Amino acid sequence: MYAMQKYDVIVIGAGPAGMMAAVMASERGKRVAIIEKNAVLGKKLLITGKGRCNITNKASIDSFLEKFGKRGQFYRTAFHSFFNTDLINFFKEHGLEMKAERQGRVFPITDDSHSVVGLLQKCLKDRKVEIFYNTTLLDLEKKDERFFAKCEKKTLNAKTVVLATGGDSFRVTGSTGDGYRVARKLGHTTTALLPGLVPLKTKERWVKDLQGLTLKNIRITFKSGKKKIVSGIGELLFTHFGVSGPLVLDLSAEIMSLKSTRIELYIDLKPGLDVEGLKNRLLKEFKGASDLGNALKKMLPRRLINVFADNLGLDLKQKVNQISRVDRRLIADSLKALSLSISGSLSLEEAMVTCGGVSQKEINPRTMESKIISGLYFAGEIIDGAAASGGYNLQQAFSTGYLAGESSAK
Ligand SMILES: Cc1cc2nc3c(=O)[nH]c(=O)nc-3n(C[C@H](O)[C@H](O)[C@H](O)COP(=O)(O)OP(=O)(O)OC[C@H]3O[C@@H](n4cnc5c(N)ncnc54)[C@H](O)[C@@H]3O)c2cc1C
């Protein structure tokens with residue numbers, strides 16, 4: 001009954017991790033099938049980098065590992081096996097050049113993710129990988145040294161399986177957490193699934209008045225009580241519910257992983273000056289202005305001025321020569337630490353990545369093979385360990401996909 005559906009390797013999920021795993025396994029002469037629930041390949045890959053696909057980063061391996069925090073070391077072998085230059089060369093050899101932009105972010109020269117997916121599709125076709133579209137894996141069993149991948153209308157069987165079903169966010173792309181359930185059924189542990197790269201909500205409603213305002217080159221610091229959690233310099237965007245923008249998204253995972261419900265965000269609007277320097281700067285601005293409103297125009301974006309003064313209970317019409325030393329100190333302190341209380345984040349569904357997943361402790365980092373079920377491999381976002389934005393997550397998917405594909409074919 002299964003004669004036509006016997007494979008050496010079955011890959012579940014045609015995201016970047018699954019496609020790379022299938023390319024590698026088939027290149028080693030194996031008969032490979034991919035099971036993909038969507039009608040197309042790489043549905044999430046197509047929307048990455050706002051449709052331009054920030055495929056990797058020029059950073060060193062050590063910087064890459066740092067971006068994954070405590071979960072970084074696990075990826076050392078995967079990155080050594082197939083790193084950013086290997087990925088760039090892989091695409092180049094198949095006819096697609098890459099270019100680097102600010103902060104080392106690498107994109108295809110076409111500025112179009114379709115060219116990335118198109119190239120991978122051609123590689124799979126050339127290597128005769130069989131792709132089962134519109135086919136959802138429902139269950140995976142291992143019997144007599146073979147895996148049985150059960151789908152609605154068919155069951156495929158193979159010697160090894162690569163589980164590359166992605167995370168549990170942006171579900172419309174097909175990543176609905178199915179792989180976690182399958183892995184758990186086979187005896188694996190999954191760590192808490194939390195939103196990563198996600199906008200944060202604030203208790204203060206005044207953010208709504210600033211919706212759409214971007215603050216550039218500011219420092220933000222998250223604290224729980226007096227304890228500093230994390231800090232960084234970059235860009236923050238106000239939204240109707242709170243804060244977003246690259247810097248907030250990057251630091252959000254650390255905030256979401258905390259148990260504390262009392263988290264404050266401090267925005268340093270003038271990171272280049274200390275409080276003393278700022279007080280001097282204020283004195284200078286006060287000399288050339290009639291009232292507080294005019295003085296602040298030189299120091300803050302126009303839209304922020306009203307909110308800033310309201311928060312301090314100051315009148316913008318107040319004459320600068322009537323502003324007390326205490327109020328000047330208050331203004332300087334507030335420019336260094338405009339505070340907001342974090343009340344939560346948008347949902348996992350709205351997060352760009354899922355933090356958490358199949359426990360790294362149960363996967364051999366040298367092969368990506370399960371330590372619990374031999375012949376089962378993991379690749380991509382299904383593994384616990386996501387990074388900041390900048391091309392690191394896609395490189396993780398390609399690197400672990402490469403290693404899992406290669407190991408599964410041995
Ligand atoms: C809006 C957005 C922008 C992003 N931009 C970037 C970026 O520019 N750079 C970057 O590095 N990262 C980016 N990311 C993160 C990146 O997209 C992911 O880290 C990456 O796609 C993970 O790859 P993956 O192959 O592990 O999983 P996925 O890409 O999620 O692929 C998993 C595949 O498995 C399939 N699948 C799931 N369950 C089943 C099942 N039961 N049966 C069959 N098939 C199944 C899904 O349909 C899907 O096609 C972005 C994410 C989002 C949401």
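Predicted model: local features only at pLDDT ≥ 70, side-chain atom pairs only at ≥ 80, totals over all residues.
1. Two strands are treated as paired if DSSP finds at least two bridges between them. Helices (H or I, at least four residues) and strands (E, at least two) are DSSP runs, numbered from the N terminus. On these terms, three strands form an open antiparallel sheet, in the order β3-β5-β4. Its edge strands are β3 (56-57) and β4 (98-100), each of which pairs on one side only. Strand β4 is joined to β5 (residues 105-108) by three bridges, and the two run antiparallel. Within this pairing, Met98 has Pro108 of β5 as its bridge partner.

2. Residues are numbered from 1 along each chain as its sequence is written.

3. Overall composition. The protein has 13 helices and 18 strands, and its C-alpha trace spans about 90 × 40 × 35 Å along the principal axes. A residue is called buried if 20 or more other C-beta atoms lie within 10 Å of its own, exposed if 12 or fewer, and partly exposed in between, with C-beta atoms placed from the backbone. Of the 410 residues, 43% count as buried. Two residues are in contact if their C-beta atoms, placed from the backbone, lie within 7 Å. Among contacts with a separation of 6 or more, 74% involve residues 24 or more positions apart.

4. Domains. Domain bounds come from an automatic or database domain assignment. That assignment gives domain 1 (3-194 + 354-408) and domain 2 (199-345). The C-alpha centres of domain 1 and domain 2 lie 41 Å apart. Five residues of domain 1 are in contact with six residues of domain 2. On the domain 1 side, the touching residues comprise four nonpolar, one polar and no charged residues. In this classification, Ala, Val, Leu, Ile, Met, Phe, Trp, Tyr, Cys and Pro count as nonpolar, Asp, Glu, Lys and Arg as charged, and the others, Gly among them, as polar.

5. Helix α6. This helix (residues 113-126) has 14 residues and reaches 20 Å from its first C-alpha to its last, close to the 20 Å expected at 1.5 Å a residue; the expected span is 1.5 Å times one less than the number of residues. Ser113, Val116, Val117, Leu120 and Leu124 of α6 are buried. Seen down the axis of α6, these buried residues fall within an arc of 90°, so they line one face of the helix; the arc is that of the directions from the helix axis to the C-beta atoms. An α-helix has 3.6 residues a turn, so residues three or four places apart point the same way. The buried residues of α6 pack against α1 (16-27), α2 (43-47), β5 and β6 (130-132). On the other side of α6, Lys122, Lys125 and Asp126 are exposed. After α6 comes Lys128, with a positive phi near 60°.

6. Hairpins. Strands β12 (residues 214-224) and β13 (residues 227-238) run antiparallel and are joined by nine bridges. Ser224 has Lys227 of β13 as its bridge partner. The two strands form a hairpin with two residues between them, and Gly225 in the turn has a positive phi of about 60°. Strand β13 is in turn joined to β14 (residues 242-244) by two bridges, again antiparallel. Phe238 stands opposite Val243 in β14, and three residues lie between β13 and β14 in their hairpin.

7. Most residues other than glycine have a negative phi, and most peptide bonds are trans. Phe170 has a positive phi of about 50° although it is not a glycine, and Asp144 has a positive phi near 45°. Phe170 lies in the loop between β9 (155-163) and α7 (178-185), whereas Asp144 is in the loop between β7 (137-143) and β8 (146-151). Are these residues buried or exposed? Phe170 is buried, because 20 other C-beta atoms lie within 10 Å. Asp144 is exposed, because 5 other C-beta atoms lie within 10 Å.

8. Surroundings of Phe170. Leaving aside neighbours within four places in sequence, Phe170 is in contact with Lys44 and Ser175. The C-alpha atoms of Phe170 and Ala351 are separated by 7.0 Å, although these residues are 181 apart along the chain.
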